[in-house]
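Dear colleague,

Please find below the structure that I am handing over to you. I would be grateful if you could read the notes that follow it alongside the sequence and the coordinates.

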Amino acid sequence: MNRRIPARLATIGVLLLGTLLAGTAPAQTPPKTLRFVAHADLKILDPTFTTAYITRNFGYMVYDTLFAQDEKGQPKPQMVEKYTTSKDGKEWSFTLRPGLKFSDGSAVTSADAVASIQRWSARDTFGGALKAAGAEWAVVDARSFRLKLKEPFGMVLDALAKPSGFPPVVMPERMAKLPTSSPINEVLGSGPFVFKRDEWRPGNKVVFVKNPHYVARSEPASGLAGSKKTTFDRVEWLYLPDANSSIAALKKGEVDIVEQVPPDYVTPLRTDSNVKVIAGSAQQAQLVMNQLHPPFNNPKVRQALLKAVSQERFNAAMGYPLDMRMTYCATYFICGSVNDTPAGSEAYRTPDVAKAKQMLAESGYKGEKVVLLMTSDVSYLNALSLTMLQTMRSIGLNVEGLTMDWSSIGARRAKRDAPEAGGWSAYATVANEFAINSPITSTYLSASCGNTLPGWPCDKELDELRAAWIREAVPAKRRQLLETFQRRAYEVVPYINLGQYSPAVAARKEIKGAEKMWGVPNVWIMDK
């Protein structure tokens, strides 16, 4: 019996030692996390279905594109390794980079690329312009595909690098071939992050984790081009519609970035030593009108409303400091861009409510109901909505304001029903500089007849002028066509420019790279 005691003690000793070692073992390193307050709630997961920026931003987190714009706005190969084109510009060949994989580990093939382009072309105006030039896409082998055109199209790479308003993301062939009439709910991309559906809380939080199968380019990140290899293991998009809550969380260090700082908070945050306020890229405030139904199916009614719009008043209503907004911008594109032109704006530079009333009376307006969708959860959009409600009433439009959150507006605006039957008449929104800087990238100026955009603008003369501008290679003639195009735009008013400004982003001091946010929250350029 005594001989068994040492054995038992030895056993107890081993157990005690194990317990002690377990108690002193180092804890697992927590995931490196970026907490990002997004500008809106995410509801639609398909960036080929809606032009809503929150869905576009989601797309860039989980998907990649064949080409992408760098910080200078130049198209650069992204998923593509190399490409060639014939002298006449009618034949193109592309080869994908080797080893590309979707986040489930399956290989990305040229069949995926071609099907994705075809899906995009069915909805996007740039893709539609390619189709009008006779574009035929074909798979060559697993990594190679080609494009044949009936007419030269000098903006092929610009089209494939389109950054906004339906960016041409690449998804698996089986997903890309699904009907375009409804959004795809499955998410499977080859981008830098993976969507954590199990942690998705609509109205609260969206979670992404690093994609273990992402294959980065060797070039450094630039704009939306180059490497998207991230330093973060985890990114949390938080939806905090209450401005006080989001700013308080930033000041306390509970979140790292607020994507869109409410204008009233810009000046106070500039005095906080732990926070940096960054002016974003130029943006344009816009009023989108439903042109399928009265009264905005009548261009004379749209002209009358445009005559009443004071850009200075709309910009002031948003509340941004004077150094972040313009008094007036005459161009439909963006002031300060290569396509800046005042052509056609002469009659509208000075707002005149009395003249607008007269124009409305002469338009044949019969008092039809106007349903204005008003944003409740984005402060600057709410300010634009309230100002537009007052402007419409000031000229005699029979307008009803219908308040809802931005994501609900995103769903409502897809309805083609008449305003009195559950549809809508108008809503205010904004657009990034790179989404409006030419006749083909501007979401509403690039909308050819038969488009699927909310508002459904259609003018055949604009379509013809846009096509001529795309084909023209002589700079002087191209400039003339641009100005003729804008003059026509001021006649038919596809949408109303409410003013140009620069929004504000706020980040904690320890966040590196936030200054390079490029209108899209390209968080892979950041570190902490």
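Predicted model: local features only at pLDDT ≥ 70, side-chain atom pairs only at ≥ 80, totals over all residues.

Residues are numbered from 1 along each chain as its sequence is written, and side-chain values use heavy atoms, with hydrogens and water left out.

**The chain as a whole**

The chain contains 15 helices and 20 strands; helices (H or I, at least four residues) and strands (E, at least two) are DSSP runs, numbered from the N terminus. Along the principal axes, the C-alpha atoms of the chain fill a box of roughly 115 × 55 × 45 Å.

Of the 528 residues in the chain, 56% are buried. Buried means under 20% relative accessible area, exposed over 50%, and partly exposed in between (1.4 Å probe, protein chains only). The accessible surface of the chain is about 22,100 Å², and 53% of this surface belongs to carbon and sulfur atoms. These areas come from the Shrake-Rupley method with a 1.4 Å probe; for residues, only the protein chains shown count as cover. Among contacts in the chain (heavy atoms within 4.5 Å) between residues at least 6 apart in sequence, 72% join residues at least 24 apart.

The buried residues of α9 are Val301, Arg302, Gln303, Ala304, Leu305, Leu306, Lys307 and Ala308. Their cover includes β15, α11, α12 (379-394), α15 and β19.

Two of these neighbours deserve a separate description. Helix α9 (residues 299-308) packs against helix α15 (residues 475-492) at an angle of about 95°, with the axes 7 Å apart. The angle makes α9 roughly perpendicular to α15. On the α9 side the contact is made by Pro299, Arg302, Gln303 and Leu306, and on the α15 side by Tyr490, Glu491 and Val492. By class, the residues of this contact of α9 with α15 are four nonpolar, one polar and two charged.

Helix α9 also packs with α11, here at an angle of about 175° and with the axes 8 Å apart. That makes α9 roughly antiparallel to α11. Val301, Gln303, Ala304, Lys307 and Ala308 of α9 meet Lys355, Ala356, Met359 and Leu360 of α11. The contact of α9 with α11 has six nonpolar, one polar and two charged residues.

For both pairs, axes are lines fitted to C-alpha atoms, for helices over the stretch in contact, and angles run from 0 to 180 degrees between N-to-C directions. Angles under 35 degrees count as roughly parallel, over 145 as roughly antiparallel, 65 to 115 as roughly perpendicular and the rest as oblique. For the classes, Ala, Val, Leu, Ile, Met, Phe, Trp, Tyr, Cys and Pro count as nonpolar, Asp, Glu, Lys and Arg as charged, and the others, Gly among them, as polar.

**Individual residues**

Pro295 lies in the loop between β15 (283-289) and α9, and the peptide bond from Pro294 to Pro295 is cis, with omega near 5°.

Pro351 belongs to the loop between α10 (311-318) and α11 (353-362). With 37% relative accessibility, Pro351 counts as partly exposed. Beyond its neighbours within four places in sequence, Pro351 is in contact with Lys307, Ala308, Val309 and Ser310.

Two residues other than glycine have a positive phi. Val493, in the loop between α15 and β19 (496-501), has a phi of about 50° and is buried at 0% relative accessibility. Phe166, in the loop between α5 (156-160) and β9 (169-170), has a phi near 70° and is buried at 4% relative accessibility.

Finally, Gln69 is found in strand β3 (residues 67-69) and counts as buried, at 12% relative accessibility. Not counting residues up to four places away in sequence, its contacts include Pro163, Leu224, Phe434 and Trp518.
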